[in-house]
Amino acid sequence: MGKKKKSTLQVILEDAGIEFDGEVETDTESEEDEEKNKKTSKQRLRETGRASRLQSKKQEKDKEEKEDEEEDESKEEDNGSQQNRASRRKNYHRKNRDGKKAREEGGQKKDRGKTVPNKDQKESENKEKKTTKRGKEGENKQKKGRKNSTSSASSNSSDEESLSEEELAMLKEQVEQKKKLISTMRNKPWRMVKKLSVLREAQDFVEKFEGALGKGKGKKLYAYKMMMAKKWVKFKRDFENFKTQCIPWEMKIKEVESHFGSSVASYFIFLRWMYGVNLVLFGLIFGLVIIPEVLMGMPYGSLPRKTVPRAEQETAMDFSVLWDFEGYIKYSALFYGYYNNQRTIGWLKYRLPMAYFMVGISVFGYSLMVVIRSMARNANESTADGDDDNFIFSWKMFTSWDYLIGNPETADNKFASITTSFKESIVDEQESNKDENIHLRRFLRVLANVLIICCLCGSGYLIYFVVKRSQTFSKMQNVGWYERNEVEIVMSLLGMFCPPLFETIAALENYHPRIGLKWQLGRIFALFLGNLYTFLLALMDDVNEKLAEEDVVKNITHWTLLGHHNSSAGNDSTVTPPPLDPADVPRGPCWETTVGIEFVRLTVSDILVTYITILVGDFIRACFVRFVNYCWCWDLEAGFPSYAEFDISGNVLGLVFNQGMIWMGSFYAPGLVGINVLRLLTSMYFQCWAVMSSNVPHARVFKASKSNNFYMGLLLLILFLSLLPVAYTIMSLPPSFDCGPFSGKKRMYDVIQETIELDFPLFVAKIFSYVANPGLIIPAILLMVLTIYYLNAVSKAYQRANAELKKKMQMQREEEKNKRNNKASTNPMLQDLEDLLTPNMKTESPPKHAEDKKIESPNGSSPARKPGRGEALAGSPMAGRRGAALTPPSQVFVAQPRTLGVWAPYPGQPRPWGHPLGPVPGRGRGQPCFPRAAR
Amino acid sequence: RLKNPLLFEQEQLFLPVWQICRFWLHGRYHEMAPNVVPMDYTKDPDVKLPMQLIINMPELKENPFKERIVESFSEDGEGSLSFNDFVDMFSVLSEMAPRELKAIYAFKIYDFNTDNFICKADLEKTLNKLTREELTAEEITLVCEKVIEEADMDGDGKLGFADFENMISKAPDFLRI
């Protein structure tokens with residue numbers, strides 16, 4: 001048995017070796033070994049030669065017994081390995097084989113299960129593909145193989161002592177082939193039984209002859225190398241996993257995404273991104289401003305600006321006062337007024353005013369940079385993989401399940417996410433082939449826009465009117481509660497009723513929900529701008545008032561201090577007077593701190609309102625709907641209140657406007673960013689929980705646009721808008737005289753000039769003054785504008801080219817499809833060619849073919865009808881076409897060329913092409929057919 | 001994503017340590033039915049485990065296609081696996097198996113009625129299993145039509161292996177299957 005097995009194995013291995021030689025993957029180890037082998041080959045020549053001769057002898061002998069194994073036959077058929085068979089045996093073989101085949105076919109029909117033929121078919125298909133891929137290389141290799149075989153035959157017949165290099169090379173090649181087989185065996189769709197037996201034999205062979213060829217060492221090295229490769233792959237995968245685990249809240253967001261779709265998840269991703277940005281801002285402000293001040297600045301109580309005034313000291317620690325950010329909080333490092341105008345502080349000579357100014361600017365600089373960079377990256381991403389949309393549904397269907405899931409919870413999430421993603425794609429699809437009355441649609445859209453513009457104008461006017469009125473109210477005494485709070489009430493009413501109104505109007509437009517969301521966002525944004533406007537107006541009024549007040553206080557303070565000194569000096573010049581307690585010094589209103597407090601208050605109240613809205617509007621409502629539903633007259637869940645949907649537009653805008661507040665306020669309240677970081681952190685957890693616990697997915701779950709650029713665009717706009725007031729106050733308002741790092745200067749930016757003059761050499765100041773010259777700045781701006789224009793034009797051109805290319809590819813694909821469909825018409829010609837060959841096939845059709853026919857073709861002739869078989873085969877494609885969808889003709893094509901390609905090269909057979917090499921024509925004949933089968 | 005450690009331990013299935021892996025796999029195979037499967041496997045006993053036992057393995061338990069997977073790997077197509085089929089299954093489903101091999105078996109898995117084509121009925125079954133029948137009938141028809149339209153290259157209204165492979169070979173995350 002062992003001997004026999006070895007023989008069958010050799011055949012297989014030869015086949016496999018030939019087959020795999022041509023493949024792309026290279027076996028590095030074997031190359032190495034070859035090199036090594038060259039050195040030692042001379043010494044070992046004698047023994048190896050003997051071994052190889054023995055081997056080849058065995059081969060010859062065993063070949064006769066080969067037909068016993070069915071699997072071998074299939075292999076032989078595939079690869080035409082018969083070329084190394086001596087031609088004199090051919091006839092005998094053929095007879096033998098025919099008999100065998102008939103028997104086997106009978107047996108197989110009984111034995112094999114339902115799926116086995118299918119599998120075989122697929123195997124063969126696969127193999128065919130490989131052969132076609134192989135192309136020329138394979139042919140070359142085959143030539144080599146034949147040479148080897150002839151050499152082995154000659155060596156066999158010639159006398160034993162002559163040891164040729166060829167023999168050695170042959171042995172080497174055999175071993176290599178086997179090694180290759182061992183390494184590639186996993187790639188073969190064989191049954192395990194077969195794999196195992198083949199593997200064992202191959203290993204035995206390699207072990208036996210590797211020693212002879214001096215390859216024992218290489219084996220270990222090879223194993224080690226492979227191990228390391230696997231380890232490396234595993235490590236890379238683990239590292240990937242680790243990396244995803246390091247992304248904060250990734251799992252949370254994925255979970256939300258799987259139930260609510262990518263559009264809701266996009267909000268959370270935006271929130272996370274925002275958190276990251278704010279963390280950097282927080283680090284910047286805390287690291288460079290607050291912590292140096294706390295560590296090295298003058299302590300609390302040392303200066304008037306760092307002390308609670310005497311009048312407020314009683315209540316400074318009350319909660320109600322602290323809650324309004326007055327009292328001790330107001331006189332802390334969290335606000336602008338606390339900082340001293342000392343040029344340098346501490347032993348580090350840290351220039352705090354300078355640092356304060358630079359940090360204030362760099363907060364904006366960094367934010368701008370990061371927003372624009374992320375916009376650019378998103379734009380890149382969205383264009384990078386935009387063209388792979390040929391197989392959306394197929395990929396979703398066949399590749400979306402993750403086969404590594406072993407946890408029920410994960411599996412549930414995965415099911416939900418697959419369903420959601422299907423729904424998203426379905427919405428897209430439905431949207432794209434909706435046929436509709438374009439004119440009506442256009443009319444409705446224009447109408448909706450007109451309505452919304454009317455709404456916006458109306459609310460804008462209302463805000464303007466109310467603000468005007470409030471200015472008159474503020475001058476009057478004894479106004480009522482309503483008059484005092486009119487602006488706020490109107491604003492919140494607008495904010496409450498306008499968005500739903502917009503949504504109702506937007507229903508007219510019937511946009512895709514994704515586009516609808518953008519419109520909605522844009523409109524509410526416009527509405528909220530009014531909010532911002534009123535807020536800023538009120539603030540400016542406040543500031544102007546404070547500035548006027550300051551002038552008065554400045555004199556009082558001056559005179560008080562002077563008087564104090566004078567009185568103490570006049571009374572008693574020998575005793576040093578007790579210094580005036582800083583709490584008693586009269587001080588200005590410090591408008592910067594007022595502005596900062598205003599922003600902090602606004603932020604905190606915004607946080608509270610958001611959280612309470614979520615709690616009441618979502619959670620309580622969900623609880624009510626869920627539990628009261630048991631004892632209610634109508635179905636609460638399906639009827640009126642139902643569960644809330646996640647309000648993407650409202651949340652995104654809330655986030656964006658909140659960020660605007662932070663940017664505006666952070667210059668005057670350095671601690672604001674810290675509050676915001678806390679807010680974003682809690683809001684991440686809170687909103688995730690609220691969404692998962694009390695919201696329902698949207699009726700039409702839609703896919704978020706690939707880039708979050710719309711959100712980013714809004715953010716950029718708000719950043720710009722919030723930059724304006726800050727820049728205005730820095731550039732044109734005088735800082736307070738007795739608080740803040742810039743006190744005593746005319747303008748805040750004077751700190752830069754001061755630094756340049758005092759700390760830098762003279763020429764820097766000169767350069768600076770040149771650069772600041774408008775004559776230089778205006779051309780520079782002009783140049784930038786022109787560059788932007790040019791780049792814009794270039795990118796437009798690229799876009800057009802891209803669209804063109806895409807169109808071309810689509811057309812090509814269509815063409816290909818059409819061609820395939822038309823293949824049926826070209827079939828007759830191929831058939832003629834095949835008819836020429838049928839005489840040879842009649843007698844030698846392999847059993848597998850019969851199986852194919854049995855399953856696929858309606859006129860699948862029984863294997864017993866051998867003479868008529870060829871005709872049946874040849875005719876079947878036609879019959880298949882005529883028989884419409886019942887028969888899959890491609891299957892027949894798959895089978896047929898293989899048979900031809902394999903059986904043509906029999907030496908005894910008339911070679912129709914007169915090619916000297918057996919297998920090559922076979923392959924050449926097969927080739928035109930393969931691409932069809934392979935594709 | 002949860003990675004099952006068991007599934008990639010046998011990457012080395014046919015490397016020098018393949019015997020160890022085989023031993024490990026045998027342990028897994030044995031533990032499913034300790035009284036049927038002998039510990040000693042040197043004599044190659046002809047033992048098969050029914051599908052019911054195998055689909056309860058933690059690796060397969062949550063998989064919507066577990067029955068199909070087991071059926072595709074069983075030699076008789078009925079779902080009972082001999083030990084060799086079992087090893088086969090693990091090796092194909094392992095991450096190191098090449099794309100082509102996976103494509104072949106994936107095709108078999110998705111071909112529910114084993115007619116060597118993925119037809120509409122197969123697609124519907126696949127979809128229902130993937131989404132736990134949460135899509136409406138129209139949505140299912142729409143998706144199936146789209147899949148056929150996208151992937152069917154020869155225009156016969158169903159997916160042959162060539163179509164399937166062409167489609168799957170371009171998929172970005174197919175290797176995970």
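This is a predicted model: local features need pLDDT of at least 70, side-chain atom pairs count only at pLDDT 80 or more; totals for chains, interfaces and linings use all residues.

Trainee: How many aromatic pairs does the structure hold over all chains?

Mentor: There are 40. Tyr338(A) and Tyr339(A) are edge-to-face because their planes stand at 85°, with the ring centres 6.3 Å apart. Both of these tyrosines are buried.

Trainee: Is the pair of Phe525(A) and Phe657(A) stacked, edge-to-face or tilted?

Mentor: The planes of Phe525(A) and Phe657(A) meet at 45° and the centres are 5.3 Å apart, so the pair is tilted. Phe525(A) belongs to helix H18 and Phe657(A) to helix H20 of chain A, so the pair ties together parts 132 residues apart in sequence. Phe525(A) is buried at 4% relative accessibility, and Phe657(A) is buried at 10%.

Trainee: Which ring has the charged end of Arg626(A) over it?

Mentor: That ring is Phe627(A), whose centre is 5.7 Å away. In chain B, Arg68(B) lies over the face of Phe112(B), 5.8 Å from the ring centre.

Trainee: What secondary structure does chain B have?

Mentor: Chain B has ten helices and two strands. Of its 177 residues, 61% are buried. An unreviewed UniProt entry lists "domain: EF-hand" at residues 61-96, 98-133 and 139-174 of chain B. The span 98-133 is 67% helix and 0% strand, and its end C-alpha atoms lie 32 Å apart.

Notes:
Residues are numbered from 1 along each chain as its sequence is written. Chains are lettered from A and ligands numbered from 1 in the order in which they are written. Side-chain values use heavy atoms; hydrogens and water are left out. UniProt positions are given in the numbering used here, feature names are shortened, and annotations may be inferred rather than shown by experiment. Helices (H or I, at least four residues) and strands (E, at least two) are DSSP runs, numbered from the N terminus. Buried means under 20% relative accessible area, exposed over 50%, partly exposed in between (1.4 Å probe, protein chains only). Rings of Phe, Tyr and Trp (its six-membered ring) pair if their centres lie within 6.5 Å; planes under 30 degrees apart count as stacked, over 60 as edge-to-face and the rest as tilted. A charge sits over a ring if NZ of Lys or CZ of Arg is within 6 Å of the ring centre and within 35 degrees of the ring normal.
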